[in-house]
Amino acid sequence: MSRPDSAVSIPLSTPGASAEAEGPGRSRQEVDFWMNCVGAPLLLMERQTLTVRSANRNAAVLFGVGLEPFGPCPVEDLVGSEAAMMLGQIWNVAPVGVPGEPFLIRAVVQEQERMLMVQVTKLAVEDEILRLFTFMDAPPQGSVTLAGWQENVISLLNWLPFGFEIASADDQIQFANSTFKELFGYSQDDIANIEDWWRLVYPDPDYRAFARAQWYSSIAAARAENREMTPFDLEVATASGARRTIQFRHRTIGNFHVNLYIDVTRERAYAQELRVLADTDPLTGAMNRRRFFEEADRLHAQGGGHDMPIAFLMLDIDHFKSINDRHGHGVGDLVLIEFTERCRALLQADDCFGRMGGEEFAVVLRRPDQRAVADVAERIRAAVEDQPFCTARLPVSVSVGAAIGERGESVGSIISRADNALYDVKKAGRNRVIIR
């Protein structure tokens with residue numbers, strides 16, 4: 001068998017050429033003739049299934065199937081299941097006709113363990129691209145130990161619960177563990193080059209541009225300081241169409257890039273749920289009191305860069321206690337929920353709506369003048385009064401007190417004025433709007 005330093009010449013394709021540039025490729029007869037002129041055992045296989053299409057005489061001798069070329073058969077029948085899985089994980093994104101990096105595998109050949117060194121080359125044969133595997137003896141000195149370490153490392157990498165990838169300096173994949181395939185669903189045939197990766201995993205052009213900028217800028221910063229890249233999350237599309245949130249980690253080691261892909265979809269969704277629970281009123285879904293005042297402070301802090309002042313509306317459902325007393329708290333809860341829905345339908349996306357407690361609600365918004373603020377408040381009042389609530393067909397009304405912030409006025413002062421306006425509404429008979 002050939003030694004690892006006896007490189008196998010591949011005259012069937014021009015190095016650097018793409019499959020398209022090869023046209024239909026060499027004929028099957030030319031390939032078979034050339035394979036039997038090579039001293040190393042060769043297997044020509046389909047790319048996806050790793051089914052042997054043909055083999056030369058030296059492969060026939062190595063795998064104990066006679067003295068003549070053979071095929072087709074699963075490669076697992078020749079090298080064992082573990083070695084076959086390893087062969088399926090060897091990526092070669094080099095141009096057609098250019099051998100990839102050699103790998104050591106522990107194969108079961110003719111019912112005996114044997115250490116082999118393997119190289120894979122893409123070949124254009126007639127109208128398709130096939131994979132040519134070249135088998136060589138492992139390096140004689142320390143080869144068993146080296147191969148044993150590699151086998152253990154590969155088993156470890158396949159056991160890892162996250163995607164692991166080794167790429168070349170130009171980001172072309174050289175090895176990807178089994179979790180990588182499970183995570184994204186794409187095979188080496190789907191990701192023939194780095195552009196395929198960007199196109200498939202980030203189908204939206206705008207988000208793709210964002211993801212690329214994040215990736216390359218983060219890597220550049222890490223390489224400049226010779227450190228691990230600061231991890232970050234991106235949303236990716238899998239082959240099944242599912243969306244996942246992936247945390248990306250990267251480190252350059254020598255001439256290789258080591259990339260880790262950690263699925264944090266559940267963790268991020270759970271964290272989002274916790275944030276929602278922490279920020280919202282559990283009954284109505286409106287902002288809770290704490291979150292509302294945080295947003296009010298944020299909008300107030302931005303006031304210096306806006307022409308529109310901040311305004312507060314304090315809302316109180318009229319005679320709500322009587323609704324609970326006459327119809328029960330279940331109906332009262334339905335009124336609160338429907339009240340929230342009606343108010344939100346009239347507000348803009350950047351307006352803040354919160355429940356202060358019980359039947360008291362508040363709105364913080366920006367409008368250009370008092371007339372615009374009054375219009376919002378009156379539309380809320382009318383939307384509540386015009387139609388009865390829930391299945392009980394209850395008539396409901398709301399009192400609205402409002403205040404528009406003045407330059408330099410604090411949030412607390414504005415809210416206090418809005419509360420005073422609401423008090424005036426109740427004294428005046430409820431179901432109306434007063435702005436102070």
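In what order do the five strands of the open sheet run? Select them and read across: β8-β7-β11-β10-β9, with antiparallel pairing. Strands are DSSP runs of E, at least two residues long, and helices are runs of H or I, at least four, numbered from the N terminus. Two strands pair if DSSP finds at least two bridges between them.

Before moving on, note that this is a predicted model, where local features need pLDDT of at least 70, side-chain atom pairs count only at pLDDT 80 or more, and totals for chains, interfaces and linings use all residues. Residues are numbered from 1 along each chain as its sequence is written, and side-chain values use heavy atoms, without hydrogens and water.

**Stop 1**

Six bridges pair β10 with β9 in the antiparallel sense. Pick L234: its bridge partner in β10 is I246. Next show helix α10 (residues 265-279). Helix α10 packs on the sheet and touches β9, β10 and β11 (256-263). Contact means heavy atoms within 4.5 Å. The direction of α10 makes about 120° with that of β10. Axes are lines fitted to C-alpha atoms, for helices over the stretch in contact, and angles run from 0 to 180 degrees between N-to-C directions.

Move to β7 (residues 163-167). Three bridges join β7 to β8, and the two run antiparallel. A167 has I173 as its bridge partner in β8. These two strands form a hairpin with five residues between them. In the turn, D171 has a positive phi of about 70°.

**Stop 2**

Most residues other than glycine have a negative phi. Select L50, in the loop between β1 (42-45) and β2 (51-55). Its phi is positive, about 55°. L50 counts as buried because its relative accessibility is 9%. Buried means under 20% relative accessible area, exposed over 50%, partly exposed in between (1.4 Å probe, protein chains only).

Then select E111, between β4 (103-109) and β5 (112-125). Phi of E111 is near 65°. At 80% relative accessibility, E111 counts as exposed.

**Stop 1: D318**

Finish in the loop between β12 (310-317) and α12 (320-327), where D318 is found. Leaving aside neighbours within four places in sequence, D318 is in contact with S397, V398, S399, R430 and N431.
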